[in-house]
Every structure is written in structure tokens, then in C-alpha cells.
Amino acid sequence: MIEVEEMREVVRGYRNPCMLIIGSHSALDAWSGARGNGLRCIIYTTRERAVIYLHNAIAGGPDEFIEDLPQVVSRDVHVVEDLRDLSGDWRYAILILDRYSDIVKHVDDLIELEALQIPNRAFSVYVGGDDYCSVIENDFAVPIVGSRRLLKIENRGIEKDYYWYLERAGIPYPKSIRYEIYSGGIRFKEPYENPLILKTYHPQRIFERVFIFAADSNDLERKVEKAIEDGYLNEETLKAARVEELILGPHANFNFFFSPLNSIKSWGSVEEYYSKLYNLSLEEARVCLANEFLSIDERRETILDGLKRLPVDVQSKLEEKILPSFEVTLHAMVSIRESIIKDVLRCANRLLLCLRRELPPGIIGSWCLQTVITWGRPSEYGLKAGFKPDFEVEGLGFGLYDSFGENPPMHIPVTQDVAFRHGGGTNVHMGIGGQYSNVRYNRRISLGERIGLEIKRAVKMKALDLLVT
């Protein structure tokens with residue numbers, strides 16, 4: 001395991017760091033954030049995907065008005081196949097590799113160039129090596145702006161995946177339903193009458209996930225059998241699958257940025273009352289306040305989104321012919337009823353404090369709670385008022401309205417997934433910023449911009465070591 005202190009010692013020698021970004025997922029937003037904060041940037045990509053970054057090359061300085069785009073791109077952007085070809089006063093580079101995983105061969109050159117890896121899902125999948133991100137944890141000795149140890153827990157089925165930590169944090173999440181696997185599908189020991197969903201990875205595209213919805217356990221057994229016949233599932237993917245109760249409600253991805261720099265700053269009377277109200281220490285209050293809520297997005301998925309737009313009679317006829325796929329294709333910006341934000345923050349801060357305790361230093365930088373907002377009673381989910389799962393704060397109730405009394409029905413954010421890295425859904429805010437981050441910073445600030453701002457501030461404060469693992 002590459003130790004945190006080893007990476008912190010490396011960045012203590014950095015004077016002019018550059019953002020290192022894998023060319024996929026959310027790279028353009030991160031590259032824009034580097035430019036907006038006057039930072040150098042390296043995008044590494046493959047020949048198959050190079051056109052994305054060659055065609056959309058980002059150039060110029062933080063406040064430069066660009067009129068002659070070809071002239072500025074030719075001045076600022078260097079395309080190389082070897083990092084040793086970068087010399088002198090360079091600003092942005094596109095590194096072309098045979099495979100994404102080849103970046104590990106360039107560790108020494110990256111350290112010399114003062115690189116800081118910005119993690120996203122493609123980084124975990126293509127460079128990680130396996131479900132435990134072993135290559136990233138043991139071989140990729142480049143400082144990561146984020147938590148190296150948290151990347152793997154997004155992968156379901158490992159010993160301690162995110163469900164384990166959600167349980168420890170006391171956060172509502174869909175409960176799993178046990179089943180048995182046989183050669184032609186799955187069987188449940190007891191019938192389950194409520195809606196279910198099966199989650200696993202795609203047999204040919206491990207990066208993508210397969211979801212099968214069912215009205216009850218009998219319906220799911222039938223659909224899994226057909227999915228195997230059609231090649232959507234096999235025995236290996238079923239071994240890695242999880243069947244859970246299907247929570248009904250709109251989907252929403254809540255995007256956060258935890259700032260280690262802001263967690264060591266004083267927030268004045270705000271932190272004092274925060275600490276008093278939620279029975280937190282001043283240090284814990286600062287940590288929660290430094291967990292910045294930036295934006296919300298939702299996914300649009302192929303083929304599901306197209307099926308949902310058809311008349312219900314057509315959907316029912318297609319059900320036996322088409323198994324909806326859920327490859328994330330588009331994202332959309334959404335907002336939330338303001339009173340529900342308190343319950344989203346309740347879940348987010350619980351997980352934040354839990355991970356600082358369980359896997360120090362815990363969350364750093366970009367992360368996301370992927371939820372379904374359902375309607376129910378807090379007692380059904382074991383949800384208590386406050387930011388600590390084992391502590392009930394007297395006088396802090398639940399509900400959409402203040403007069404509901406004890407254990408009222410309310411909107412409950414049920415966490416379906418988490419991501420401790422730069423999320424792809426935040427691309428919807430690229431160039432226009434997130435609705436909540438814009439208001440707080442009084443300017444347009446996307447997640448990529450927020451990453452760049454934290455690095456720039458850390459350089460000024462000589463505190464870059466606080467951002468990396």
C-alpha cells in the first residue's frame with residue numbers, strides 16, 4: 001500500500017503542480033478548472049478517444065478573452081507520446097497512450113512534472129487493475145487529490161464495500177434480499193411480494209452495470225432466466241449481483257466537495273452554533289461546514305429512457321422482447337425542495353464523519369451521494385435527528401413541515417450508490433457552474449473549477465500535503 005505520508009512528502013517539494021487527468025468521464029470539466037485557476041494540466045488518453053480532446057482542446061489563461069482560437073491552441077496545447085518531450089514553459093499537454101493503464105509506466109516523469117492525479121470513475125476502472133484498485137493502491141505512486149483507499153469501496157461485492165460503510169454511518173439504503181443461484185437463473189427461499197431490483201455488471205462491458213426491475217420475486221426469477229438466455233447475464237455476473245428492495249422515488253445525485261483547507265479555518269459564530277445545535281465538537285462542526293454542497297444532477301440512460309417515453313401499452317408489449325439497458329448517456333440539472341436539503345446534509349455529514357473515523361483521512365475533495373428521494377417515516381429507516389447515528393438531538397424533528405409531530409411521514413434520501421471522486425454527472429454544470437456553489441462563491445464554479453481552486457489555495461497556503469493521499 002502506498003502510504004499517505006509518502007505522497008504528502010512528495011508534494012511538499014512541489015512548487016508549480018499540474019493537474020493530471022485521465023481522458024474520459026469528466027476530463028473536460030477538470031481541464032477547464034485547471035485553466036480557470038492558472039494551473040498546468042496533462043490529459044492522458046488513447047488513440048481511440050484522442051479526438052475528444054484534440055477537437056475540444058482548452059487553451060488560454062484564467063481571464064484571457066479568446067478570439068483567435070487556433071492561434072491560442074497552437075500556442076498553449078502540446079500533443080506528445082512521451083512526457084520527456086515536454087520542456088520549457090509549457091501549459092497544457094495531451095499525452096497519447098496505447099492503453100490507459102500505461103500511465104503507470106510514467107510515474108517517475110509525472111513526479112518530476114509535479115503531477116496531481118484527479119480521480120474519476122474511468123481512473124478507477126482503467127488504471128485500478130481489479131475490484132480492489134490494487135494498481136492504484138500499490139503501484140501508482142503519484143499523489144492523488146482525494147482518498148486513494150476510498151476508490152475501491154464503490155465496487156460492490158468486495159469485503160467492505162460502500163454498503164458496509166452506509167450501515168456504519170446509519171444512512172438509509174436499500175436492504176438486500178438473499179437468493180440462490182442455479183444453472184438457469186436464481187431462486188428465492190421465500191417469496192417476496194414487493195418490487196425488487198437486481199444489480200450487477202455487464203458480461204462484456206464491466207464498466208457498465210446491468211439492472212433488472214421486477215414486481216416481485218417470481219417476476220425477477222423469470223426475468224433473470226430470460227436475461228441469461230439473451231446474453232445479458234451469466235453465472236459469474238450473478239455471483240457478483242445484489243438483489244435489493246426497489247425504492248420508489250425520483251433519482252438525484254448530490255455533488256459535494258470536502259475542503260481540507262476550509263476544515264482548519266474558523267467559521268465564527270456559524271461554527272459555534274453548529275457545534276451547539278448538533279452536539280458536535282468545534283473540529284467536527286468545521287469538518288461538516290467544509291463539506292460543500294455544490295450541485296444536483298440526474299442520469300439519462302439508454303435504453304431505459306427511450307422506453308419510458310413510449311405509451312404504456314407499447315411498453316408492456318416490448319417487455320418480453322427488450323431488457324432495458326442502463327448505460328449512462330446524458331445528464332440533466334435538477335433542483336430540490338429547499339426543506340429537504342437538511343436531510344440530505346444529515347446523510348452526507350454522517351458518512352463524512354464515519355469515514356474519517358474508519359478510513360482516515362476519510363473523504364478529500366470531490367464526492368457524490370447517488371440517491372432516490374422516497375416518502376416514508378424515519379422509524380422505518382432507523383433515521384435519527386443529528387449527524388451522529390448513535391445520538392438523538394433533542395428538539396430536532398423531521399418532516400416537510402414543522403408541525404408534523406413525532407415520526408411524521410417525510411421525504412427520505414435513500415442512498416443507492418456513492419462516488420468518492422469527480423463524478424461524470426457534474427459535466428452538466430461545466431461552464432455555467434453548480435446552482436449552490438455559484439451562490440456561495442458569488443461566481444460560476446463547476447466541480448472542475450472547485451478542484452482547481454482548492455489546489456491554487458493550497459499552493460498559496462503551503463498546504464498542498466493536506467489534499468493528497
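**Buried polar residues and the overall fold**

Leaving aside residues up to four places away in sequence, Ser263 touches Phe258, Arg286, Val287 and Ala290, a contact being heavy atoms within 4.5 Å. The model is predicted, so local features need a pLDDT of at least 70 and side-chain atom pairs count only at pLDDT 80 or more, while totals for chains, interfaces and linings use all residues. Numbering starts from 1 along each chain as its sequence is written, and side-chain values use heavy atoms, with hydrogens and water left out.

Ser263 lies in the loop between strand 11 (251-258) and helix 11; helices (H or I, at least four residues) and strands (E, at least two) are DSSP runs numbered from the N terminus. With a relative accessible area of 12%, Ser263 is buried, the class limits being under 20% for buried, over 50% for exposed and partly exposed in between (1.4 Å probe, protein chains only). The side chain of Ser263 reaches the backbone oxygen of Pro260 at 2.7 Å. Such a polar contact is a pair of N or O atoms within 3.5 Å; within protein, one must be able to donate a hydrogen and the other to accept it, and residues adjacent in sequence count only if both atoms are side-chain atoms.

Arg286 is also among the residues touched by Glu271, together with Lys265, Ser266, Leu282, Ala285 and Leu289, again not counting residues up to four places away in sequence. Glu271 belongs to helix 11 (residues 269-277) and counts as buried because its relative accessibility is 3%. A polar atom of the Glu271 side chain lies 2.7 Å from the backbone nitrogen of Trp267.

Asn291 is placed in strand 12 (residues 291-303). Its relative accessibility of 4% is why Asn291 counts as buried. Beyond four places in sequence, Asn291 touches Phe256, Phe257, Phe258, Ala348, Asn349, Leu352 and Trp367. With Trp367 there is a polar contact between the two side chains, at 3.0 Å. Ala214, 77 residues from Asn291 along the chain, has its C-alpha atom 37 Å from that of Asn291.

Helix 2 (residues 27-36) is mostly covered, 7 of its 10 residues being buried. These are Ala27, Asp29, Ala30, Trp31, Ser32, Gly33 and Ala34. The buried residues of helix 2 pack against strand 1 (18-22), strand 2 (40-46), strand 3 (77-80) and strand 4 (92-97), as well as helix 3 (50-55) and helix 18 (447-461). Just after helix 2, Gly38 takes a positive phi of about 70°.

At the level of the whole protein chain, 18 helices and 15 strands are assigned. The radius of gyration is 23 Å, which agrees with the value near 23 Å for a compact globule of 469 residues; this quantity is taken over C-alpha atoms, and the globule rule is 2.2 Å times the number of residues to the power 0.38. The C-alpha trace spans about 70 × 55 × 45 Å along its principal axes. Of the 469 residues, 53% are buried. Among contacts between residues at least 6 apart in sequence, 74% join residues at least 24 apart.

The accessible surface of the protein chain is about 21,700 Å², with 49% belonging to carbon and sulfur atoms (Shrake-Rupley method, 1.4 Å probe; for residues, only the protein chains shown count as cover). The protein chain carries 58 positive and 69 negative side chains, and the centres of the two sets lie 3 Å apart. Lys and Arg count as positive and Asp and Glu as negative, with His and the chain ends not counted; the charge is placed at NZ of Lys, CZ of Arg, CG of Asp or CD of Glu.
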